[in-house]
Amino acid sequence: LNIFDMAADAGSLDHRGFISCLRSLIPGEDLDEDEKHHLEQHLQALFYVFDRDLDGLISVHEFLCGLYVFCEEPPAKKLAVLFSLVDMDEDDMIDADELRVFYRSI
């Protein structure tokens with residue numbers, strides 16, 4: 001929660017603050033520019049997963065609930081969310097490039 005508090009403005013994260021918060025948790029020094037671009041797209045998509053009330057802000061509650069989904073939900077739900085994040089072109093298939101970008105970004 002320290003990272004949330006440092007990036008939050010008035011107790012919520014806007015789009016930029018959310019991405020900044022998560023970028024501080026994800027090492028990206030070894031990524032090339034294309035991979036950094038794809039990581040940024042993943043983080044932008046993840047913002048909308050966390051923003052449950054669609055107000056354009058991530059509250060501490062939404063942040064914790066989002067983390068909960070990745071930690072406590074059944075494997076099938078975690079896989080569905082993960083699949084949607086990796087499938088950047090939304091063709092319901094993960095190709096080798098999408099998988100490579102994903103693995104390099106974690």
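In which loop does Glu90 lie? Glu90 lies in the loop between helix 5 and helix 6 (96–105); helices (H or I, at least four residues) and strands (E, at least two) are DSSP runs, numbered from the N terminus. The model is a predicted one, in which local features need pLDDT of at least 70 and side-chain atom pairs count only at pLDDT 80 or more, while totals for chains, interfaces and linings use all residues. Residues are numbered from 1 along each chain as its sequence is written, and side-chain values use heavy atoms, with hydrogens and water left out.

Glu90 is not a glycine, yet its phi is positive, at about 55 degrees. The residue is exposed, with a relative accessible area of 69%; here buried means under 20% relative accessible area, exposed over 50%, and partly exposed in between, with a 1.4 Å probe and protein chains only. Asp89 also has its place in the loop between helix 5 and helix 6, and Asp89 is partly exposed at 44% relative accessible area. With neighbours within four places in sequence left aside, Asp89 is in contact with Asp95 and Glu98, where contact means heavy atoms within 4.5 Å.

Another positive phi, about 60 degrees, belongs to Leu54, which is not a glycine either. Leu54 sits in the loop between helix 3 and strand 2 (58–59) and counts as exposed at 66% relative accessibility. Leu57 is found in the loop between helix 3 and strand 2 as well, and with a relative accessible area of 34% Leu57 is partly exposed. Beyond its neighbours within four places in sequence, Leu57 is in contact with Ser12, Leu13, Asp14, Phe47, Asp51 and Glu62. Between Leu57 and Glu35 there are 22 residues of separation in sequence and 26 Å in space, C-alpha to C-alpha.

Now to the helices. Helix 2 (residues 15–23) and helix 3 (residues 33–50) pack at an angle of about 120 degrees, and their axes are 10 Å apart. Axes are lines fitted to C-alpha atoms, for helices over the stretch in contact, and angles run from 0 to 180 degrees between N-to-C directions. The crossing of helix 2 and helix 3 is right-handed; a crossing is left-handed if the near helix is turned anticlockwise from the far one by less than a right angle, and right-handed if clockwise. Helix 2 contributes His15, Phe18, Ile19, Leu22 and Arg23 to the contact, and helix 3 contributes Leu39, Glu40, Leu43, Gln44, Leu46, Phe47, Tyr48 and Phe50. Nine of the residues in this contact are nonpolar, two are polar and two are charged. In this sorting Ala, Val, Leu, Ile, Met, Phe, Trp, Tyr, Cys and Pro count as nonpolar, Asp, Glu, Lys and Arg as charged, and the others, Gly among them, as polar. Leu22 is in contact with Leu43, Leu46 and Phe63, leaving aside its neighbours within four places in sequence.

What does the interior hold? In soluble globular proteins, nonpolar side chains tend to be buried together. The largest nonpolar core here has 16 residues, and those with the most contacts inside it are Leu13, Phe18, Leu22, Leu46, Phe50, Ile58 and Phe63. Such a core is a set of buried Ala, Val, Leu, Ile, Met, Phe, Trp, Tyr and Cys residues joined through side-chain atoms within 4.5 Å. Helix 2, helix 3 and helix 5 (75–86) each supply at least two residues of this core, and the largest share, five residues, comes from helix 3.

The whole structure contains five aromatic pairs. Rings of Phe, Tyr and Trp (its six-membered ring) pair if their centres lie within 6.5 Å; planes under 30 degrees apart count as stacked, over 60 as edge-to-face and the rest as tilted. Phe4 and Phe63 form a tilted pair, 5.2 Å centre to centre with 45 degrees between the planes. Phe4 lies in helix 1 (residues 2–7) and Phe63 in helix 4 (residues 60–72), so this pair ties together parts that are 59 residues apart in sequence. Phe4 is buried at 2% relative accessible area, and Phe63 is buried at 5%. Phe18 and Phe50 form a tilted pair too, 5.1 Å centre to centre with 55 degrees between the planes. This pair links Phe18 in helix 2 to Phe50 in helix 3, 32 residues apart. Phe18 is buried with a relative accessible area of 0%, and Phe50 is buried with 2%. Phe4, Phe18, Phe47, Tyr48, Phe50 and Phe63 form one aromatic cluster.
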